[in-house]
Amino acid sequence: MKILTTTALALGLAATGVHAENHSSENGDSMQSEGAMTATDNQMANADSADLIRSRDITGGNVYTTAGLDDWVEGSMYDAVSGDWTNIGEIEDLVLNKSGQMIGIVAEIGGFLDVGDKTVMIPVEDVNLVAVDDATYGYVTNRSEEELEELEGVDEGFWN
């Protein structure tokens, strides 16, 4: 009898369709069940891949400086690297806060062949994205190499 009841229960569950529901929390906020598409999901599904940039296309890229030049336009993206800019480092990582907003980049500044360089975090306010070519990107800053080397170091011990 136990086997018959268990089998009937299993078949009943398997035959039942899954329904997406929208529930309200105690304070009246709407809560979506798993499987329901959000507006962000819809945006991602409709995004043109040519307008998207992956982090792997940025990390390993160069950091340039416009220090001493009048090339800096805060908050803009440059479509090419200027011949007047100086390559001062390499992008190691992107830094996000817990809500997912980018707050800076980690870059190795100065040195030669990884000797004498310093790993620092440059705030997002001090960098602009620059397209190096169709597939890779870098960042440009208006801070000089010397100013960046004065920032606090962020080696692996900083993050732990």
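## The overall layout

Helices (H or I, at least four residues) and strands (E, at least two) are DSSP runs, numbered from the N terminus. By that count the protein chain has 4 helices and 8 strands, and from the N terminus on they run α-β-β-α-β-β-β-β-β-β-α-α. Residues are numbered from 1 along each chain as its sequence is written, and side-chain values use heavy atoms, with hydrogens and water left out. This is a predicted model, so to speak: local features need pLDDT of at least 70, side-chain atom pairs count only at pLDDT 80 or more, and totals for chains, interfaces and linings use all residues.

The predictor's confidence in each residue is the pLDDT, from 0 to 100. Here the protein chain averages 76, and 68% of the residues score at least 70. Residues 1-22 sit below 50, and beyond near neighbours in sequence this stretch has 7 contacts in the model (contact means heavy atoms within 4.5 Å). Where pLDDT is low, the predicted coordinates should not be read in detail.

Of the contacts in the protein chain with a separation of 6 or more, 52% come from residues 24 or more positions apart.

Six strands make an open sheet in the order 6-5-4-3-8-7, with mixed pairing (two strands pair if DSSP finds at least two bridges between them). Strand 6 and strand 7 stand at the edges with a single partner strand each, so one side of each has no neighbour in the sheet. From one strand to the next, the twist averages 40° (axes are lines fitted to C-alpha atoms, for helices over the stretch in contact, and angles run from 0 to 180 degrees between N-to-C directions).

Strand 7 pairs with strand 8 in the antiparallel sense, over 5 bridges. Asn128 stands opposite Val140 in strand 8.

## Two cores

Buried means under 20% relative accessible area, exposed over 50%, and partly exposed in between (1.4 Å probe, protein chains only). Of the 160 residues in the protein chain, 22% are buried. A nonpolar core is a set of buried Ala, Val, Leu, Ile, Met, Phe, Trp, Tyr and Cys residues joined through side-chain atoms within 4.5 Å. The largest one has 16 residues, and Val63, Ile105, Ile109, Ile122 and Tyr139 touch the most other members. Strand 4 (86-96), strand 5 (102-109), strand 6 (118-123), strand 7 (127-131) and strand 8 (137-141) each put in at least two residues. A second, separate core of 5 residues includes Tyr64, Tyr78, Trp85 and Val130.

Trp85 lies in the loop between strand 3 (62-65) and strand 4, and is buried at a relative accessible area of 8%. Leaving aside neighbours within four places in sequence, Trp85 is in contact with residues including Tyr64, Leu69, Tyr78, Val130 and Val140.

## One salt bridge

A search of the whole structure turns up 1 salt bridge, meaning a side-chain nitrogen of Lys or Arg within 4 Å of a carboxyl oxygen of Asp or Glu. Arg143 forms it with Asp126, and the closest N and O atoms are 2.9 Å apart. Arg143 is in the loop between strand 8 and helix 3 (145-149) and Asp126 in the loop between strand 6 and strand 7, so the pair ties together parts 17 residues apart in sequence. Arg143 is partly exposed, at 24% relative accessible area, whereas Asp126 is buried, at 15%.
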